[in-house]
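These notebook entries record what I looked up about how the parts of one chain meet.

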Amino acid sequence: MPQLSPRITTLNDGGSDGWEVFYRARAMKAAGTPVTELTIGEHDIGTDTAILDAMHAAAHAGQTGYAAVPGIAPLRDAVATRVTERTGVPTTRDNILITPGGQSALFAAHMAALDPGDHALYVDPYYATYPGTIRAASGVPVAVTTRADQAFLPHPETIARRARETGAKSLLINTPNNPTGTVYPADTLDGIAAACTANDLWLISDEVYDTQLWDGAHLSPRALPGMAGRTLVIGSMSKSHAMTGSRIGWVVGPKTAIAALIDLATATTYGVPGFIQSAALFALTQGPDLEADIAAPFRRRRDLVLSILARQDLVTAIPSAGAMYLMLDIRKAQLSGRAFAEALLDSHHIAVMPGESFGASAAGHIRVALTVADDRLAAAIDTICSFTAALTLEKRHA
Ligand code: PMP
């Protein structure tokens, strides 16, 4: 066999991809052991049947051939209208590329921003695919670390310093945030915008959780003065419309960037199936009530978990204002997030993500996805608390 490219064999930097606990939980389930899975960011409901009906009808109406590579015009228009309404930034079809999911949009955005060997900043803790996505675009990932006691918010001065030190070309942020649930406040976004302008960075703003906001309103940094020309927004219908398997998302950006990204799409994905795009258009035209219904269980479950945690003081939650996760501090158990997650899976058949899967900043934490029914979630959180108490006691007597 000829040699594989080092680019592809080093996508995970030779280390793990952070999903070991998840894979082990899936294997246990396949072998017949019931496992409470609080791992992956996927709703416990499927895609709404009305959306599936629209998909079916579109396929039967003949939308099974090649669809327009940039996305079908009415969907690009609908996304543009949505973005204009939500952010106030005039946005048209030419600012939109439809992609097979947010993940593909993240890769495309980095391809637009980076030449091979360019440095690309991202905030740690981070969504697990980020460093690999940057490497796939032949970039060099540079983590901007944050602190648990500051709700994992990045400091604009740290971003600016890391940009100067590395000559970075881009910064990737994500608010509302996976894995932490943190929502960046306006002053953080202002500072980030200033750091991007001062260091001539592309800002890649991952906003796939923009409908899952528990306090305040979603702020898109593309709307800040001077930022529309250097911001590429990542959107997706995976989380907002429970359409994870449909693989439908987009990039919003300057027209010249979108024109170049259409060339990239021609050379890579060749577009998104027409029947999926028609279903997405149908879903978007249902308006915000459907989105609110889909987001509601996560808000309710966040409150439920916080009410359980309030009864004890060993496990604490990072303040969260959005997204379908809670990051829990389990440092009082004196185990790494990884060791804690492995032991919890073995002894109680509850699967959570180790904080370390999302970067060094989240060590000693676990991420809980709020994606199981309320009673199962409540039982799992109770168990996590008693498990931590038992570990703490064990350590004290050791
Ligand atoms: N960004 C973030 C922060 C995510 O959590 C996810 C999915 N979990 C994605 C992007 C990609 O989502 P999709 O490709 O399903 O649109």
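Entry 1, domains. I looked up the domain assignment, whose bounds come from an automatic or database source; it gives domain 1 as 6-46 + 289-396 and domain 2 as 65-286. Residues are numbered from 1 along each chain as its sequence is written. I note that this is a predicted model, in which local features need pLDDT of at least 70, side-chain atom pairs count only at pLDDT 80 or more, and totals for chains, interfaces and linings use all residues, while side-chain values use heavy atoms, with hydrogens and water left out. Taken over C-alpha atoms, the centres of domain 1 and domain 2 are 25 Å apart.

Entry 2, extent of the interface. I found 36 residues of domain 1 in contact with 37 residues of domain 2 (contact means heavy atoms within 4.5 Å). The two domains bury about 3,100 Å² between them, 55% of it on carbon and sulfur atoms; buried area is the accessible area (1.4 Å probe) that two parts lose on being put together, summed over both.

I looked up salt bridges (a side-chain nitrogen of Lys or Arg within 4 Å of a carboxyl oxygen of Asp or Glu) and found four between domain 1 and domain 2. I also recorded a salt bridge of D215 with R302, whose closest N and O atoms are 3.9 Å apart.

On the side of domain 1 that touches domain 2, the elements giving two or more residues are α11 (288-309), β10 (325-329) and β12 (365-369). Helices (H or I, at least four residues) and strands (E, at least two) are DSSP runs, numbered from the N terminus. I noted that α11 gives the most to this side, with seven residues.
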